[in-house]
Amino acid sequence: MKGGEVTVGGKTISLPHVVRDDADDTKEILIDMVGFFIMVASPTGVRVMWNGATHVHVKISPAWAGNVEGLCGNFNDKPGDDYRTPSGSDAATPYAFGNSWKKRDDCPDAPYNALGQCQIHDVRADYAETMCSILADEDIFGACHRFVPYAKYQAACEYDVCGCDMGGDCLCYCEAILGYVKQCLSFNVVINWRKKMPECQVQCEWPKEFIDCGPACHDICGVKTCKNFTTNECFEQCACPAGTLPPDCKPDPCLSTTSTSTSTTSPTTTSSTSSSSSVSSSTSSIITVSSSSYTPSTVTSTATPSTSSSTTTPSTSSSTTTPSTSSSTTTPSTSSSTTTPSTSSSTTTPSTSSSTTTPS
């Protein structure tokens, strides 16, 4: 992703987007927006999420335990060997470890420096300490303190704020705070922190409202917008009001129905016929949505999941029911009625909105 656009094989795509394996069309990679994150979910149990700035999540299925390698370790529950390089040796420093996994020769090595960022940029040390001490605030973060000790997150916040000396202070600071907030969410502790920290507030377009904990996917006309992943996690997002659908918060057409009825009378016979028809159309897998520009601070990344593209055709089901028809003749007056119950047809277009957030 670059400049608010997502590309696959060099071509700009709209979200959500599905990439199929030409050899096996059941192997689909989903690319979508989840809250403020771009998500790539694979059927192999790997999910990568990036907020367009400095916050990245990689989550893999337990089936991969001990069978992965790279910057996130090898997933074998042994932290001591997580600095393993591609050659199989253990790096002595984080710098050597990071440099060993570079994929492009034209990228310079990260320079080694034994000093911390607040020692290198000592004029920012007091500022960073004051700003990041908010993690100790009981009124804002106290509900999470017994689940997630904040000391190491405060130290990481100071490191980032001190090192962010080229502008974008709020981005670096709020991204660092978000790192702690995300860990609290894993313990089902939701913190309403942005509204209490003006420098980190998120502005949503009307009529959307910012929520601290919203669903990863939505149920639209009985069709889930999730694919290749299931999660009970919640995410910060600009949400549409109840009864409306993203991206433009229009009324949910599945909540409305139409009905018509007619009746006529005639002598000597009674006849009734009833029929009903219901047509549902599943949402398309490829839907055009608008995307706002991100402003990354210290990280630039390009994700290229696959080069194949696909278009899916929504399924359409229809049913017609013709109940029994009875006829009777009587001597007095009689009536005939034909009733056509309601017929509803709906097509929905789920989407997601993109926004710029400030995690770490």
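Predicted model: local features only at pLDDT ≥ 70, side-chain atom pairs only at ≥ 80, totals over all residues.
With a relative accessibility of 74%, D77 counts as exposed, whereas F75, at 34%, counts as partly exposed.

Strand β7 itself comprises residues 56-60 and contains V58. The relative accessible area of V58 is 46%, which makes this valine partly exposed. Together with V48 and V56, V58 forms a nonpolar patch on the surface, and the accessible area of the three residues together is about 220 Å².

Helix α5, which spans residues 151-163, consists of 13 residues and reaches 19 Å from its first C-alpha to its last, a span close to the 18 Å expected at 1.5 Å a residue. Within α5, the residues Y153, Q154, C157, E158, V161 and C162 are buried. When the helix is viewed down its axis, these buried residues fall within an arc of 165°, and they therefore line one face of α5. The elements against which the buried residues of α5 pack are α2 (117-120), α3 (125-132) and α6.

Five salt bridges are found when the whole structure is searched, and among them is the pair formed by E28 and R20, whose closest N and O atoms are 2.6 Å apart. The two partners of this pair can be described separately in terms of accessibility: E28 counts as buried, at 8% relative accessibility, while R20 is partly exposed, with a relative accessible area of 21%; E28 is buried because its value falls under 20%.

A further salt bridge links R84 with D90, the closest N and O atoms being separated by 2.9 Å. Here R84 counts as partly exposed, at 34% relative accessibility, and D90 is partly exposed too, with a relative accessible area of 45%. R104 forms a salt bridge with D106, and the closest N and O atoms of this pair are 2.8 Å apart. At 55% relative accessibility, D106 counts as exposed.

Terms used
Residues numbered from 1 in each chain as written. Heavy atoms only, no water. Patch = residues over 30% accessible without salt bridge, like charges linked within 9 Å, V, L, I, M, F, W, Y side chains within 5 Å. Areas by Shrake-Rupley, 256 points an atom, 1.4 Å probe, with all protein chains shown as cover. Salt bridge = Lys/Arg side-chain N within 4 Å of Asp/Glu carboxyl O. Helix = DSSP H or I, 4+ residues; strand = E, 2+ residues; numbered from the N terminus. Buried < 20%, exposed > 50% of the residue type's maximum accessible area, 1.4 Å probe, protein only. Expected span 1.5 Å × (residues − 1). Arc of directions from axis to C-beta. Contact = heavy atoms within 4.5 Å.
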